[in-house]
Amino acid sequence: MDEVPKNMESPAVILETNKRYFIEDKFLIVNCFYDQKKISPWLKDWIGLYPCDNVKLYEPLIFEYVMDHPRIDGSCYKIKFVPQLFAKSIHCSGKYQFVYVDSYFKVIATSDPIQFVHKNDCNCNSSLSQSNCMVHIKIGQDINSVVQRLKCLEARLLEFEKGKQEAMELNEQLVQKLKACEMLRSRGEQFIDGLYKALDQGKPVKLTNSKGHTRWIKRMRTTEIRNHVISTKIVRNEVYLTAIINTQEQEIQRLRAINNELSNTNTIYLKHFKQSGHIYTPQITETIDAEDVQQLKSLSIESIPSAVVKFIDDSELSDDYCE
């Protein structure tokens, strides 16, 4: 582990301690002052006790989380330690210090060196010091193992919390979509029920699509469907008759034009005979000139065959149109 510089100081946090503590005291108090403009305590920030000549962050003699202790005046935490918990790991001839470590194992502040003494006669000897050193090493190893396991568990807990949050958000989205689908289904059923009810009552219904186009619909009764089919058939027959009449009128106009042309030709012939001194006497003959026959053939009237015109009989209607 990295060793911390002996006189490391940080203006953001100040650890206030006594220069000497009695091992037989019930509590040991350390005041932790914060500069609130620079730093604020986190949940896992802690203060540990270390020998001044061998500071290893993962091997404190004892440690306490800062936020587990009361806060005074908003910027000071009063940290309590129990000397009986680490009395066997120290000796009165050594120097110790308190170190402030944040949640990321970064040293923020250290205290001035302190010393532990006995109120009565000191019974500390070399053998006891050696024994205390071995106990100190064992405790440090155990704490190191526990800290490593806690870090792994904390990382796994963060992953589980993240997965839980994502699952909750996904579930909320699915619930919202399910509610929207249920609302659309309910509105569709209400629309269909209202449409059928209005059509059964013979009322017209106005429908508007997403583009704003409007249509009116109404249910037709059996008699209305039959009358609609009959009226359609009558209109169709009237169209056929009108076409025939128009064709015949065109043919009559053509014949009138031919008749007028023949009348004009006869008038020219009469004038010619009068000028030449001949008198034209019409005679009735039983024979017909070939030229006149040819002209009469050209005046033939073309009629429309009866197969072109088809009338719809009322007997063709059936109940199939009224379904």
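Trainee: Which residues does the UniProt annotation "coiled-coil region" cover?
Mentor: Residues 150-184, according to the unreviewed entry. UniProt positions follow the numbering used here, feature names are shortened, and annotations may be inferred rather than shown by experiment. Residues are numbered from 1 along each chain as its sequence is written. This is a predicted model: local features need pLDDT of at least 70, side-chain atom pairs count only at pLDDT 80 or more, and totals for chains, interfaces and linings use all residues, while side-chain values use heavy atoms, with hydrogens and water left out.

Trainee: How far apart are the end C-alpha atoms over 150-184?
Mentor: They are 51 Å apart. The chain there is 100% helix and 0% strand. Helices (H or I, at least four residues) and strands (E, at least two) are DSSP runs, numbered from the N terminus.

Trainee: Switching topic. How do β8 and β9 run?
Mentor: Antiparallel, with three bridges joining β8 (residues 96-101) to β9 (residues 107-110). Strands pair if DSSP finds at least two bridges between them.

Trainee: What is the bridge partner of Val101 in β9?
Mentor: Val107.

Trainee: And where is Phe105 found?
Mentor: In the loop between β8 and β9. That hairpin has five residues between the strands. Phi of Phe105 is positive, near 60 degrees, and the residue is not glycine.

Trainee: Why flag that?
Mentor: Because most residues other than glycine have a negative phi.

Trainee: Last one. Is Val146 buried or partly exposed?
Mentor: Partly exposed, with a relative accessible area of 47%. Buried means under 20%, exposed over 50%, partly exposed in between (1.4 Å probe, protein chains only). Val146 sits in helix α1 (residues 126-200).
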